[in-house]
Amino acid sequence: MKTKAAVCWETGPDARWELEELELDPPGEHELRIRWVASGLCHSDEHLTTGDLPARLPMVGGHEGAGIVEEVGASVTKVRPGDHVVCSFLPVCGTCRWCSTGQSNLCDLGATLLQGSLPGGEFRFHARGQDLGGMCMLGTFSERSVVSEYSVVKVDDDLPLDRAVLVGCGVPTGWGSSVYAARVGPGDTVVIYGIGGVGINAVQGARHAGAANIVAVDPLPNKREKAEELGATHSVATGEEAQELVTRLTNGVLADRSIVTVGVVDAVVVEQAFNVIRKGGSVTIVGLGPIAEKTIQLSGTMLTLFQKTVQGSMFGSSNPMYDIRKMLELYRVGQVKLDELCSATYSLDDINQGYQDLRDGKNIRGVIVYDS
Amino acid sequence: MSDPAPAPAPEPDGSGPPRLLERIATDIVGLRRQAEVLAVALTSGRHVVLEGPPGTGKSTLLRVVAEETGRGVVFVEGNAELTPARVVGYHDPAAVLQSGYRPESFVEGPLLTAMRQGMLLYLEEMNRVPEETLNVLITALAEGEIHVSRLGRVRADPGFRLIAAMNPFDAVGTARIGQAIYDRMCRIAIGYQDEAGERTITERVTGDRGRLVRLAVALGRATRDHPEVRTGASVRGPIDMVHIARGLCGLRGEERAGRDTLLDAALAAFSGRIRLEEGVDRTPEEVVTEILDRLLAAEAEAEADEEPSGAPPPRGRGAGQAPSHGRVLEGRDARAALRESGRRTLARRELETAHAGFAEVSPGVGRLDEAALERLLDRDPDGAAALLCDLAAATDVELRRQARRLAARVFVRLGRAGRPARRGMRRIVPLPGRPDGDLDLDRTLERAGGGLPRSADELVLRGWAGPRRALCLLLDHSGSMRGQAVAMAATAAAAVVLAAGDGVDCCVVAFHRDALVLRPPGSARPPGRVVEDVLSVRARGSTDLALALRTAARQLARAAADERAAVLLSDCLPTAGGDPLAALAGIDRVHVLGTSGLDDSVRAGTALARRGGGRYRRVEGVAELAAALTDLVGVT
């Protein structure tokens, strides 16, 4: 069948999403076809067009999606047509070493995320005589996609999908980066660099974990304001201000945890995050940067003497199958805010405008809502 | 009313709108989209009503549009004295006496002029125009003609258009526009410009730019967001402030306007323009001073930080904002608290377990079978009402929306159920100082000392009058406020607000450890909306009865009434605050509707009602509620 999609054909500073009609194959044995209801505009897809993330091109963008199952392959037992699903940008096979030891955010099936093929290596999108991958094996910037059954999480059908879509990536990544990866505890002081789709949820996570001081760092006033609305106790524009504020707040002890969720991670922000933590504290890096660049340049001696930890975290070290549903449950009881996160909705045709707004810092999270 | 403008122009050609838009781009700040719609509506033969607060550029926009489309404009200022004759025209009595009813003796009004010559009729302040005058316009709008007695039919030239302007937020001396008029016009809503737009306007009008304009515009905008201000200032406020501040600077020889100069200018420009919320203790001067000081503090802080110029960025909220207890929230704050408290939503599976009738009433996601709910209401009113309340908190967005709409109807109906035919407690009483009523002969003679009365002052007249009463409903939403408890609160609220239509000034307050004023006395908030508010109120921990009673006393004090009563819907078991028996001052009667059959609760409720000079009644379901209210206070 045909489907309209936003495709990245080449990378570059001026690369744009091109809308194109693609041929979509029927689902294979362990696959299913989804009609997307909503797709989040995540910064990681922007990294795809800029080339920061070296992916196989051409690629259908989008890895934060919620939709309705239309057709399932012969061996799919997990969902049926008509089921509402939120997709995990990380597939979970359930049997590899990582999945079976409780680290399904590192599942081996994630190997082809940036190639965009399904676990068997097949491509289901075709155009101009080429196979197209789907970002993170999903390709949610398309009206419909064929995805692996390992990528879907069934959710209750009374949840609004245009809100639930946010728990496919940004919310658990941010929330988990505070709660799971950084292990924020009651009374902690946490500094969060970058208040975007991930950072704002790191704020929500830190609030849940009982942090006493949550300092949000972002140059844009609208984002600082949003951070305070959702739980930050303080907000500042720069890393220097954060350093000064935290020093004052903690009587010189410094912060327990810092979390880096800025759009493009560089050595400067990592160093700020490293300097702001106390002895024995930790820096958790969640954001991405150019893959070849060395974005961590720190004094190893300081690391040793102050016994600091610098760590990365994928998907906020959350477990997709468990945490996606958990985020929705927290939304239902009013403890995780989703309505407030979605700052603008777009049609698929306006996707480039959506990314322009993201670059301009207007959005906490933009969402494409499909009308089909 | 101004004179008709000269010669009507032909129907504008296709080049009209683009040229017009050029002018709009240069002459008008913002409003481009509205101008486009207006231009197209006019060229395609629609009549238009422009709605928006004062000072948003409605008249300016219209003037440009009228000039560019090349049509003349007839202006009519709408007010309560605008009779049909003043709009249509009238037969000159002198001329009629001389030569009878002839077309020549008819003095054309603006409507006829505009119709005959194909001009724009601009009616300002439409919602101040009396209804019978507006009705004259209906046929002119719908048929393009009107019938004037003794003059005959007048057909409108195809170029005739009506453009009306009104401020929908203006509550004094205004009337509601009937559906018949609205249905025949397109509506363009015009709001305030954004901050940059207001600055541009102020700069253009005053010829000033920089700090003064920035401060004045920020002050004007802050008045619109201030929690104690009902109506903020339009852009005319900042313009006046800049003019006056500049003049004062010249007079006082100041290079840069200091706080005193700015304050003098701000008070002159804003204190008369803003309207405070009902019951706010402060004066407009205090509010303006507070806003100005806040802006100046932000400015000083920004300068200290050597921030680049521009609006001061919002600062950190700072630590140490512990949640305070015992607050009384009104107006916007109450709305915000409701939005915040209404967060928790119920999944379909929870609803299914809690209510037997759920599957029947909501057969699928996003579906609400109203007929099924009505059947359930007949069978089991309490169960159905409880289900409806929980549906109004469903996770399912569509179901929640439908349930809230339905709930507003159902609870208003339940609230009406107890209404007896007799309304209130009207009695025949002497009416001092009123010229209507029946003569009370005996008392008149008595007053006149046995003889005939010598002046009108000695006449004693009697007539029907109800005592003026004010009633405050206090809804306890502490503890487990779900299902049935919410349903009872919603029904009681509807019943009490309906009573407001019978001349009883009613207010509604929901409370736990804080009190939320859902409807202040004298408010026009309709029962359906109050019911929606009650449905949004969620359970909270502790119960502060004393706070509730004090809040009731304060609300009732605002009402002009001879008797002030409160009705408390609660289990009367306070868990916070002081002794409720010591908080009865300012309320003439306190009645209690007990929601719990526990001995302690009944005892406490009875004691409270006795001390409050009222009565206690136990209610067990929604069906009893309206009747119980009628029984206690006789209002519904």
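Two strands are taken to pair if DSSP finds at least two bridges between them. Helices (H or I, at least four residues) and strands (E, at least two) are DSSP runs, numbered from the N terminus. In chain A, A:Val191 stands opposite A:Val215 in E12(A). The model is predicted, and local features need pLDDT of at least 70, side-chain atom pairs count only at pLDDT 80 or more, and totals for chains, interfaces and linings use all residues. Residues are numbered from 1 along each chain as its sequence is written, chains are lettered from A and ligands numbered from 1 in the order in which they are written, and side-chain values use heavy atoms, with hydrogens and water left out.

Five of the five residues of E11(A) are buried, so the strand is largely enclosed by the rest of the structure; buried means under 20% relative accessible area (1.4 Å probe, protein chains only). Both faces of E11(A) are covered, with A:Thr189, A:Val191 and A:Tyr193 on one side and A:Val190 and A:Ile192 on the other.

Helix H5 (residues 221–229) of chain A has A:Lys223, A:Arg224, A:Lys226, A:Ala227 and A:Glu228 buried. These buried residues pack against helix H4 (199–208), E12 and strand E13 (234–236) of chain A. Just after H5(A), A:Gly231 takes a positive phi of about 130°.

Chain A also contains a closed barrel of five strands, E1-E2-E7-E8-E4, with mixed pairing. A:Met59 has A:Gly133 as its bridge partner in E8(A).

In chain B, five strands form an open sheet in the order E2-E5-E8-E1-E9, with parallel pairing. Strand E2 (73–77) and strand E9 (186–189) of chain B stand at the edges, each with a single partner strand, so one side of each lacks a neighbour in the sheet. Neighbouring strands of this sheet are turned by 20° against each other on average, direction ignored. Strand E5 (residues 120–124) and strand E8 (residues 161–166) of chain B run parallel and are joined by four bridges, and B:Leu121 has B:Leu162 as its bridge partner in E8(B). Helix H3 (residues 58–69) of chain B packs on the sheet, touching strand E1 (48–51), E2, E5 and E8 of chain B, and its direction makes about 175° with that of E5(B). Angles run from 0 to 180 degrees between N-to-C directions, and axes are lines fitted to C-alpha atoms, for helices over the stretch in contact.

Helix H6 (residues 110–117) of chain B has six of its eight residues buried, so it is largely enclosed by the rest of the structure. The buried residues are B:Pro110, B:Leu111, B:Leu112, B:Thr113, B:Ala114 and B:Met115. After H6(B) comes B:Gly118, with a positive phi near 65°.

Helix H10 (residues 211–225) and helix H12 (residues 259–270) of chain B pack at an angle of about 45°, with their axes 12 Å apart. The contact (heavy atoms within 4.5 Å) involves B:Arg211, B:Leu212, B:Leu215, B:Ala216, B:Leu219, B:Gly220 and B:Thr223 of H10(B), and B:Leu262, B:Ala266 and B:Phe270 of H12(B).

How values were computed
Buried < 20%, exposed > 50% of the residue type's maximum accessible area, 1.4 Å probe, protein only.
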